[in-house]
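I opened this model to look up a few local features and wrote down what I found. The entries follow in the order I made them.

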Amino acid sequence: MELVFAFVLSFAVIYDVRERKIPNALTVGGLCAALCLRLAMDPASIWVGVLGAGLGLLVALPLFALGAFGAGDGKLLMAVGAFLGLDGLPAAILATGLFGGLLSLLSLWRRGNLLSAVRRVRDLAAYLFTLGRAGQRRTLEGPSGESAIPYGVAIAAGSALIWVTGITLP
């Protein structure tokens with residue numbers, strides 16, 4: 001299972017960095033592989049994988065709807081949930097957020113776009129907290145349309161960290 005998980009994460013990073021998208025064949029294939037491996041190793045554990053994938057979907061949908069997450073990122077999070085299950089996915093989501101925030105800040109700082117990104121976050125937060133009465137409904141994308149980082153890198157880093165360390169949240 002470890003080798004397949006490493007394969008899925010590695011190729012997700014490669015595709016996301018090169019293409020700025022993660023192919024369905026990889027994410028859906030990873031999801032199916034995780035569930036099949038769970039079924040082969042311990043048939044009862046398939047439900048742990050199904051519930052983990054469901055939690056991944058539950059977290060990814062609002063982020064995708066807000067434009068903060070790509071569809072490939074969401075499907076990758078579902079596959080990660082199938083591999084890590086309900087025990088490991090919450091910690092992986094937290095680690096992913098930390099890696100994503102760090103990578104975003106470094107990328108924005110390197111490109112000199114940090115201040116404009118802070119303004120976009122402020123406008124989006126005002127829009128969300130006032131239910132559309134203030135701020136603007138914006139995505140977190142830059143003026144030229146590209147995201148600050150390929151978020152699949154953060155998902156892979158956070159997920160790999162949790163897989164290797166076995167950290168879970170209480």
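I started with Arg-20, which sits in the loop between H1 and H2; helices here are DSSP runs of H or I with at least four residues, numbered from the N terminus. Arg-20 is not a glycine, yet its phi is positive, about 65°. Most residues other than glycine have a negative phi. I looked up the accessibility of Arg-20 and got 47%, which counts as partly exposed (buried is under 20% relative accessible area, exposed over 50%, partly exposed in between, with a 1.4 Å probe and protein chains only).

The model is predicted, so I note that local features need pLDDT of at least 70, side-chain atom pairs count only at pLDDT 80 or more, and totals for chains, interfaces and linings use all residues. Residues are numbered from 1 along each chain as its sequence is written, and side-chain values use heavy atoms, without hydrogens and water.

Next I checked H4. It has 41 residues, but its end C-alpha atoms are only 25 Å apart, whereas a straight helix would reach 60 Å at 1.5 Å a residue (the expected span is 1.5 Å times one less than the number of residues). I found a kink of about 125° in H4, centred on Gly-85; the bend is the angle between axes fitted to the seven residues ending at a residue and the seven starting there. After H4 comes Gly-112, with a positive phi near 75°.

I then listed the largest nonpolar core, which has 32 residues; Leu-31, Leu-76, Val-80 and Ile-155 touch the most other members. Such a core is a set of buried Ala, Val, Leu, Ile, Met, Phe, Trp, Tyr and Cys residues joined through side-chain atoms within 4.5 Å. H4 gives the most to this core, twelve residues. Leaving aside neighbours within four places in sequence, I found Val-80 in contact (heavy atoms within 4.5 Å) with Phe-5, Leu-9, Gly-85, Leu-89, Ile-155 and Ser-159.

How many aromatic pairs does the structure hold? I counted four, taking Phe, Tyr and Trp (six-membered) rings with centres within 6.5 Å; planes under 30 degrees apart are stacked, over 60 edge-to-face, the rest tilted. Phe-5 and Trp-163 make a tilted pair, 4.8 Å centre to centre with 50° between the planes. Phe-5 is in H1 and Trp-163 in H6, 158 residues apart. Phe-5 is buried at 2%, while Trp-163 is partly exposed at 26%. Ring pairs join Phe-5, Phe-83 and Trp-163 into a cluster.

Conventions: Helix = DSSP H or I, 4+ residues; strand = E, 2+ residues; numbered from the N terminus.
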